[in-house]
Amino acid sequence: MTFDADLRATAGTFAVAVTGRWQPGDVVAVVGPNGAGKSTFLRAIAGLTAATGTLRIGGVDVVDRPVARRGVGWVPQDGALFPHLSALDNVAFGLRGRRGRSAAQLWLDRLGIGDLAGRKPSQLSGGQAQKVALARALAREPSVLLLDEPLAALDVEARTDVRRSLRAHLAEFQGVTMLVTHDAVDVMTLASRVLALDGGAVVQDATVGEVTTAPRTPWLAALMGGNGFYARVNAGTLALDEGGILVAAEAPSSDGAEVLAVVPAHAVTLHRQRPEGSARNVWPATIRDLAVVGGRVRVTLDGTPAVLADVTTASAADLALAEGVGVWASVKATEVTVVVL
Amino acid sequence: MKTTRPPLSLATAAVVGVAFLLLPLAALLDRTPWHALPRLLTSTSALTALRLSIECSLGALALSLAVGVPLAWLLARVEFPGKSLLRAAVTLPLVLPPVVGGVALLLAFGRNGVVPLSLSFTTWGAILAEAFVALPFLVLAVEGALLAVDERYDDVAATLGSNTTRTFFRVTLPLVLPALAAGSALAWARALGEFGATITFAGNLPGSTQTLPLDVYLTLQDNPDAAIALSTLLLALSLMVLVAMRSRWRLTR
Amino acid sequence: MKRRAIAVALLLALGSAGCSGESKPRRTITVFAAASLTDAFTAEAAAYEKQSGVHVRFSFAGSQDLVAQLNQGAPADAVATADTATLGKLTVKLAGASATFARNRLVIVTAPGNPKHIETPADLTRRGIVVVLAEPSVPAGKYATQALQAADVTVHPRSLEDNVRGVLTKVELGEADAGIVYVTDAKAAGAKVGAVALPTSPIATYPAAALDASGQGFVDFLISVAGQRILAQHGFLPPQ
């Protein structure tokens, strides 16, 4: 069932307008800075927030239908399980009769928590509760599944565990999934497409690969672990809005064109002395912050431009990197991607 | 752990307050003719008044629930013009002298009332008078609880295909049940003790409208011992409510 | 120092004014009177004040109610009830002998013009007629029961009011079709009610007594020529 949305929704003084088309099986990561309208968009799809426009599921426009008749599954941030009902009763809430109850039990089994059927939500851990919430939404076999930051409230272990379950079930799920997240890991492991919102509008609607290599906003670049600089083409080089110049191997010819210069974090190399060699982009920088992430070191640098670098722990040790230390950052021209805006 | 000693002025005032509240109750228990109690309480008129009081107060509670819960839902969940006026009207019986309430009921539902239901001098009239004063307790308790319930539960239930009514009965109501119980207990106790509105609107007829408080008032003129016995009975019923409620007196979160 | 002396003196003066007791007659007295005496006694008080300078404050209620309050210690200087039996229940000492100052009869009251055509006590038992009486412990209620028994009629009242004026009000409001009150009550209500004679009505006897020396003056006034004239004007029968 193709999912077509052309929605305009208002929440208070905030307006959101989104147009897009997705195919069955798509798992769309809905990303954006706070206040971008991600939750409003999801609520508009569910019908919890009033919206105008069209919302076609399998060709049928449901924008005027009440919430209960849209065939949409909804998992809010901490699951919102009904506190007075057991896990089984929660999952069976949307289903009818005895067949509903056995179907509910099956879903709990499928998620590996079948033995928790009789427990009340207060007796479940965060991860277990999220799995029950997922089962509850999936049990009604919706056409569209809406997950609003499903892993945000979980601790690291639970997050990994639930993410694994999510991955398995989203792969099986035949409908379209909209997953709001702030976590790049979610985007990389769960999603097939990304819908990036900012200020209530769509800034990019593309596959995960495209968004990684050619994001259209600095925020999006940073989410995917890279750098994005607004710049103007100026005599074959890129004049960055925030100051500094970058040279790209392939630059568009039109002077004055607005672009986003994208540099992956791992393409930034750091040196103690000004490096000799072929790198066309070299500039001095000061280390503001260091963080060890997944066996590598992320270095936040102040400079013109400020940049995020991703180096091995070995290199960081070799270079004796520390806060406040002055270094030289260098980027090969071939590593600079130019995204025409 | 350091024990704090209260300042003398506060302690004195508190002791006076306690004495003020407990002394009348102690006096009542002291003067109760304990040996004559069984005889006095099983007299026909006492039993009739007791039965009638229980019937009317439960009827008033039922009426309050039927009207009050939807009213509480309206006040808690729906925005509409004149809402503060409605809330004031619902709270009015709490501060209105009960007799005034009785007069108002007479002018509204009596034989020549605005809505001439001719409920004056009927058991239904007594139930109505009692419901009039008891309703606010229920509405306030339930409204407070409804305001505290997370609206996301309603949202989730809707996405699971539940319509408003089903959601109300299967999700919202179970979550406000404790407050509903507290409000009901208070409302019932209030209805049981109502006097002014009942005697003015429903009149006084043994077996039909002479509830226990009316019985106490009239019996006091002839037979103080019997009146004291009935008073002790009412006190016992009130204490039952207190014990059942114990610490659950918070009407709002 | 001087200020304090004046304050103390003032307090003493007020205090002595407050607790005068039996030593000297007071300017205001309190009289507890049966509800049926409301209009007549208000007129009596006006005349009495003109004559003696003493202001009378009243508490009107059912006789049984008044006696109960007095027995529990309510302060009053004189009391007047609608029957001698109720006065007999008084446990407080009288300051003077009780004296019968008036008599009364009962009457059936209806809506003005008697639209339901109630002519006899038997009509009170007709289906759909709402009848209100006074409670049996109220003198008016007792008398009404006697009257109905004498007429061999069993009435099922819709309410038993705790004083006779309550009965009158219910009929005036139209909440009841008929009630049994005193002739004087019907007269006081004037055109607001219709009246139907009740031949089997017993004669109500009204005694009054002083509870305090200050009250005796009012009791004497009731029996005086002036006092009797006022009672007659309101429809009371002489004490005979």
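1. Conventions. In this predicted model, local features need pLDDT of at least 70 and side-chain atom pairs count only at pLDDT 80 or more, while totals for chains, interfaces and linings use all residues. Residues are numbered from 1 along each chain as its sequence is written, and chains are lettered from A and ligands numbered from 1 in the order in which they are written.

2. Chain pairs. Two pairs of chains touch, and the most contacts are between chains B and C (a contact means C-beta atoms, placed from the backbone, within 7 Å). Chains A and C do not touch, with their nearest C-alpha atoms 49 Å apart.

3. The B–C contact. Chain B supplies 14 residues and chain C 15 residues. On the side of chain B, helix H10 (residues 212-222) gives the most, with four residues. That side of chain B has five nonpolar, seven polar and two charged residues (Ala, Val, Leu, Ile, Met, Phe, Trp, Tyr, Cys and Pro count as nonpolar, Asp, Glu, Lys and Arg as charged, and the others, Gly among them, as polar).

4. Chain B overall. Its secondary structure comes to 11 helices and zero strands (DSSP runs numbered from the N terminus, helices being H or I of at least four residues and strands E of at least two). The C-alpha atoms of chain B fill a box of roughly 65 × 65 × 30 Å along the principal axes. Of the 253 residues in chain B, 40% are buried (20 or more other C-beta atoms within 10 Å of the residue's own, C-beta atoms being placed from the backbone).

5. Helices H4 and H6 of chain B. The axes of H4(B) (residues 83-95) and H6(B) (residues 123-148) come within 8 Å and cross at roughly 120° (axes are lines fitted to C-alpha atoms, for helices over the stretch in contact, and angles run from 0 to 180 degrees between N-to-C directions). H4(B) is therefore oblique to H6(B) (under 35 degrees is roughly parallel, over 145 roughly antiparallel, 65 to 115 roughly perpendicular, the rest oblique). Residues making the contact include B:Val90 and B:Leu94 of H4(B), and B:Phe132 and B:Val139 of H6(B). By class, this contact has eight nonpolar, one polar and no charged residues.

6. The sheet in chain C. Five strands form an open sheet in the order E2-E1-E3-E10-E4 with mixed pairing (strands pair if DSSP finds at least two bridges between them). E2 (55-61) and E4 (99-104) of chain C each have a single partner strand, so one side of each lacks a neighbour in the sheet. Helix H8 (residues 213-223) of chain C packs on the sheet, and its direction makes about 145° with that of E10(C).

Conventions
A residue is buried if 20 or more other C-beta atoms lie within 10 Å of its own, exposed if 12 or fewer, and partly exposed in between; C-beta atoms are placed from the backbone.
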